[in-house]
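Open your viewer and get ready to select. We will go stop by stop.

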Amino acid sequence: MARDLKFTRNIGIMAHIDAGKTTTSERILFYTGKTHKIGEVHEGGATMDWMVQEQERGITITSAATTAFWKYDGNNYQINLIDTPGHVDFTVEVERSLRVLDGTVATFCAVGRVQPQSETVWRQADKYRVPKIAYVNKMDRVGADFLAVVAEMKEKLGANAVPICLPIGAEDKFQGIVDLIAMKGYFYDQESKELVNYEVRDIPENMLAECEEWRAKLVEAAAEYDDTLMEKFFDDPDSISKEEIIAALRKATIDMAIVPICCGSSFKNKGVQFLLDAVMRYLPSPLDKKSVEGTNPTNNNVEVRPSNVKEPFCALVFKIATDPFVGRLAFMRAYSGKLDSGSYVLNTRSGKKERISRLFQMHSNKQNPIEFVEAGDICAAVGFKELRTGDTICVETHPIVLESMTFPDPVIGLAVEPKTQKDLDKLGIALGKLAEEDPTFTVKADHETGQTVISGMGELHLDIIVDRLRREFGVEINQGAPQVNYKEAIRSTVQHREVFKKQSGGKGKFADIIVEIGPADEGVVGLQFIDEVKGGNVPKEFIPAVEKGFKSAMANGVLAGYEVTSMKVKLKDGSFHPVDSDALSFEIAARQAFRKALPKATPVIMEPIMSLEVVTPEDYMGDVIGDLNKRRGQITSMDSKANARIVKANVPLAEQFGYVTILRTISSGRATSTMTFSHYAELPGSLAKDVIEKSGHKGLGDDEE
């Protein structure tokens, strides 16, 4: 019998680093009976942080998936839970998890409040239209302030944040929470290892007035979203029942009009069961989400697939992982239909059939075999040959391509080589596997220096990669200093005519093109190609070859061989030879036109600029700002929070290597920083000259075949 999807929740836990995501996940696994012992992050025993590197560093690197069950309102709910990393270097893990989730729990630290990475993950969830409930963790910490977090969420995230509970006490006096809908107090016993470790009692006298005030705000927020409730609210607010409030809040949460907020202390085992109830109450099931849309590759028509077992099967592969025992695992979210293990599916990117030999329900890094997967489920598959992150798999008779995922370009590179010649092949295989797992990690051979350059999102990202090469794949490597991934761009527009002809006995080669090359329009990335040829001077069948020639040439710019990020090419005119012209001639002509015209189009080097936030005690403010000025940093804002100052600045990545260590030194270890990629900007002249010289780029010859 098919499972009722109404009782399934596909949720993720997302937050800034150190807000307590993994600790919260561990408590959820404990209280749902999935684990019998609570794993602690600081002891390296967390179930969801299964990688050695995660346990050593106490951070989450890869998003881990698990399935648990929770009884709510007499029904048994299945929760597919993904614990995502908080560190900005692993933002791709958050991005791809959000793409396939139906709802998310945004976790905030009651002391740190809304931190930079909280804003990043919030925007990512908005991008994929993922409904959220918020959980304010660490209410037991000194400086915890629940209502201050609510205020910051409204101000910084623009969220319609509505508390559904209030804390009883705070810091070391934090005892539990008041449920504002039932108007009852939950008092927790943190020492108890029972699955129900709380007592329900009346609200403390001294909190009654405050609870009534916040309950009125909650009822009003729910009523604003439901017309029938609004009428009741004006007539008699007390006549609105608990069930009506929950139903209206659920509708508003799914529509992303309201974010319900609860609080607790996961580490002290307080508030987790209430959070689980809130997940079942307010977050959507696969049936509540809109049907997934995709295009039919045979006719490019838009098709819709409802979350239904009877529909044709389709799923999105959102992650590839390598397991030492079962090999390559493809994590996928099934949107419609049913897939049995051992059956064949179509990979719409490659157009090939793939056999899914086995299906697993995941519990962190352990797999439980399952016979089939149905619409709305998240599982892992093995046995395929060439699936990649972002691929759509479906039944052959009903092909569909779901919207794929876009990932940011890596900003930092590192030259690596094996310590011994015998490790050369091993290194190639290992890097290939890691690049397949992680779309923000790229491997490139530098033909001029003969080096292998690996690129990623930050120093920590590359650190982990190098560590994994050593431990998982047994490859010892020598590494160079980190390098910045520069790009090239052009600032002016030039006209150019390129005639390519070769006569070498028999059929020759001939192509003639007149092009205008300049900067692309605002917001366009890559090649913006416009065909303006009139009267068939360049035959239609050769025009794609011209576009292809320019596109491939953009991989190596004319200044230092870096990729040209964007440009506009207008093909104005040209001519052809009835015998000697072919597509290859026009492609070569385009590549040569690029080489000759670009030096005249004011080429510039572009460098990655990072958005930096430093939280520092007042005493070190001067030193921090002085140091940022030395690093070509531009201060964008300065704020105060509690007894600390927050400095935001845009700083070139090239000036930021080893910054964490320097910051610790100048602030006696008391300041912290968060850095995210912001944008590319033009590198000043003298520095650009140095970059060009260091690149050893020899300029580009014309004679290429």
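**Stop one: strand 5**

K132, A134 and V136 point one way from strand 5, while I133, Y135 and N137 point the other way, and all are buried. This is a predicted model. Why the two directions? In a regular strand the side chains alternate between the two faces of the sheet. Now colour residues 132-137, which make up strand 5. The strand is mostly covered, with six of its six residues buried.

**Stop two: the neighbours of strand 5**

Select residues 103-109, which form strand 4. Strand 4 pairs with strand 5 in the parallel sense, over six bridges. Click C109: its bridge partner in strand 5 is N137.

Next, select strand 11, residues 259-263. Strand 11 also runs parallel to strand 5 in its pairing, over three bridges. Find Y135 and look across to C262 in strand 11, which stands opposite.

Move to the open sheet with the order 13-12-24. Its pairing is antiparallel. Which strands stand at the edges? Strand 13 (302-305) and strand 24 (401-402) do; each has a single partner strand, so one side of each is left without a neighbour in the sheet. Select strand 12, residues 292-295. Strand 12 and strand 24 pair over two bridges, in the antiparallel sense. Zoom in on T295: V401 in strand 24 stands opposite.

**Last stop: Q78**

Select Q78 in strand 3, residues 75-83. Is Q78 buried or exposed? Its relative accessibility is 5%, so Q78 counts as buried; the cut-off for buried is under 20%. Show side chains here. The side chain of Q78 makes a polar contact with the side chain of D377, at 3.2 Å.

Key: Residues numbered from 1 in each chain as written. Predicted model: local features only at pLDDT ≥ 70, side-chain atom pairs only at ≥ 80, totals over all residues. Heavy atoms only, no water. Helix = DSSP H or I, 4+ residues; strand = E, 2+ residues; numbered from the N terminus. Buried < 20%, exposed > 50% of the residue type's maximum accessible area, 1.4 Å probe, protein only. Polar contact = N/O pair within 3.5 Å; in protein donor to acceptor, adjacent residues only side chain to side chain. Pairing = 2+ DSSP bridges.
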